[in-house]
Amino acid sequence: MDIIPQLIINSVIAGSIYALVALGFNLIYGTTRFFNLTHGVVAAVGGYAVFTCFKLWGLPLSVSIILGIIVAALVGWLSEVLLFRKLRARKASGTVLLVASLGLFTALQAVIAIIFSSQFQTLSTNVSSTRVFHVLGGVITDVQVYILAAAIVIMVLLGVVIKTTRFGKAVRAVSDDEEVARIVGIQSNRIIGWVFVIGSAIAGVAGIAVGFDTGIEPTMGMNLLLKGVVASIIGGIGSVYGGVLGAFLLAFVENFGIWKISGEWKDAIAFGLLIIFLLVRPQGIIKKA
């Protein structure tokens with residue numbers, strides 16, 4: 001097996017997962033203008049919801065995945081309604097919202113660890129039944145094909161919704177100026193609530209994808225959050241398409257960066273790339289209009 005095709009395949013799959021996290025994160029940030037750190041643990045919630053439905057309760061896989069996405073969306077929506085919306089109503093600063101999201105992240109992560117323990121779990125039932133495809137000298141599993149397909153579909157659908165629908169226009173209006181949007185009759189709180197639902201559902205898909213590809217653990221949300229935030233910043237914070245570009249650039253730099261060195265350097269490479277962009281092009285690849 002040639003190493004370069006395999007590195008490319010690994011980069012594409014990792015980029016797909018990073019892109020899913022970055023899509024939801026950028027959508028929420030672009031609308032609310034604060035770093036929602038809870039986004040990472042919402043991805044973990046999606047993975048553990050599928051684990052509960054599929055592995056513990058024995059529900060069909062398709063039903064479990066749908067329920068997992070719904071649970072992640074519900075947790076994201078509740079965080080907005082019960083916490084962030086009340087803080088915005090009190091004119092809380094971005095820093096206060098950031099700290100609040102960090103506190104909620106920590107609390108939810110602890111709840112997951114208490115309920116499921118810190119033991120590593122996998123969503124796949126039978127590794128031996130996993131189909132493997134050979135592509136140009138590299139190897140990709142059927143699970144990874146599904147992850148790539150899901151990421152592409154979600155990217156396209158979200159782009160279409162934001163660019164062509166009335167809801168998308170309302171999201172862009174709230175993103176540009178919430179006060180003006182409210183004056184012209186747009187229910188900003190309702191729009192932001194739906195943004196949290198959609199963004200959290202996408203994060204849930206990312207957590208489920210990781211669960212089937214590698215596995216889940218209570219602390220998985222932090223790693224996904226960091227990679228999603230880095231991808232969002234280098235791609236263009238608040239830009240949906242920029243986050244996707246940043247995700248794949250990050251994935252390729254990471255995987256090719258550890259070609260000749262230990263995989264433990266992957267996170268250092270990611271933050272090295274972030275520092276370079278902050279110094280050279282702080283607005284990211286695509287500057288949000």
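Biologist: Thanks! In which hand of crossing does H9 pass H10?
Modeller: The crossing is right-handed. Keep in mind as we go that this is a predicted model.

Biologist: What angle do the axes of H9 and H10 cross at?
Modeller: Roughly 115 degrees, and the axes come within 7 Å. H9 and H10 are therefore roughly perpendicular to each other, since 65 to 115 degrees is the range for that word.

Biologist: Which residues make the contact there?
Modeller: H9 brings Lys227, Val230, Ala231, Ser232, Ile234 and Gly235. From H10 you have Gly242, Gly243, Gly246, Ala247, Leu249, Leu250 and Glu254.

Biologist: And how do the residues of the contact of H9 with H10 divide by class?
Modeller: There are 6 nonpolar, 5 polar and 2 charged residues.

Biologist: Let's stay with Leu250 for a moment. What does Leu250 touch, leaving out residues up to four places away in sequence?
Modeller: Tyr18, Lys227, Val230, Ala231, Ile234, Ala270 and Leu273. Leu250 also stands out in the largest nonpolar core, which has 72 residues: Leu250 and Leu23 touch the most other members.

Biologist: Which helix gives the largest share of this core?
Modeller: H8, with 12 residues.

Biologist: OK, over to H8 then. At what angle do the axes of H5 and H8 cross?
Modeller: H5 covers residues 142–164 and H8 covers residues 188–213; their axes come within 10 Å and cross at roughly 170 degrees. Over 145 degrees counts as roughly antiparallel, so that is how H5 and H8 run relative to each other.

Biologist: Who makes that contact between H5 and H8?
Modeller: On the H5 side, Val143, Gln144, Ile147, Ile154 and Leu158. On the H8 side, Ile198, Ile202, Val205, Ala209, Phe212 and Asp213. By class, the contact of H5 with H8 has 9 nonpolar, 1 polar and 1 charged residues.

Biologist: New topic: how do H2 and H9 cross?
Modeller: The axes of H2 (residues 38–56) and H9 (residues 220–235) come within 7 Å, at roughly 130 degrees. That makes H2 oblique to H9. H2 passes H9 in a right-handed crossing.

Biologist: Which residues are in that contact of H2 with H9?
Modeller: His39, Gly40, Val41, Ala43 and Ala44 come from H2, while Met220, Gly221, Leu224 and Leu225 come from H9. They divide into 6 nonpolar, 3 polar and no charged.

Biologist: Is Gln109 buried or exposed?
Modeller: Buried, because its relative accessible area is 19% and buried means under 20%.

Biologist: What about Asn26, buried or exposed?
Modeller: Asn26 is buried too, with a relative accessible area of 1%. Its place is in helix H1, residues 3–32. Leaving out residues up to four places away in sequence, Asn26 touches Ser232, Gly236, Ile237, Gly238, Ser239 and Gly243.

Biologist: Last one: where is Val96?
Modeller: Val96 is found in helix H4, which covers residues 94–116. Val96 is partly exposed, at 39% relative accessible area.

Biologist: And how many Å separate the C-alpha atoms of Val96 and Ile258?
Modeller: They are separated by 37 Å, and these two residues are 162 residues apart along the chain.

Key. Residues numbered from 1 in each chain as written. Predicted model: local features only at pLDDT ≥ 70, side-chain atom pairs only at ≥ 80, totals over all residues. Heavy atoms only, no water. Axes fitted to C-alpha atoms, helices over the stretch in contact; angles between N-to-C directions. Helix = DSSP H or I, 4+ residues; strand = E, 2+ residues; numbered from the N terminus. Parallel < 35°, antiparallel > 145°, perpendicular 65-115°, else oblique. Contact = heavy atoms within 4.5 Å. Nonpolar A, V, L, I, M, F, W, Y, C, P; charged D, E, K, R; others polar. Core = buried A, V, L, I, M, F, W, Y, C linked by side-chain atoms within 4.5 Å. Buried < 20%, exposed > 50% of the residue type's maximum accessible area, 1.4 Å probe, protein only. Left-handed = near helix turned anticlockwise from the far one by under 90°.
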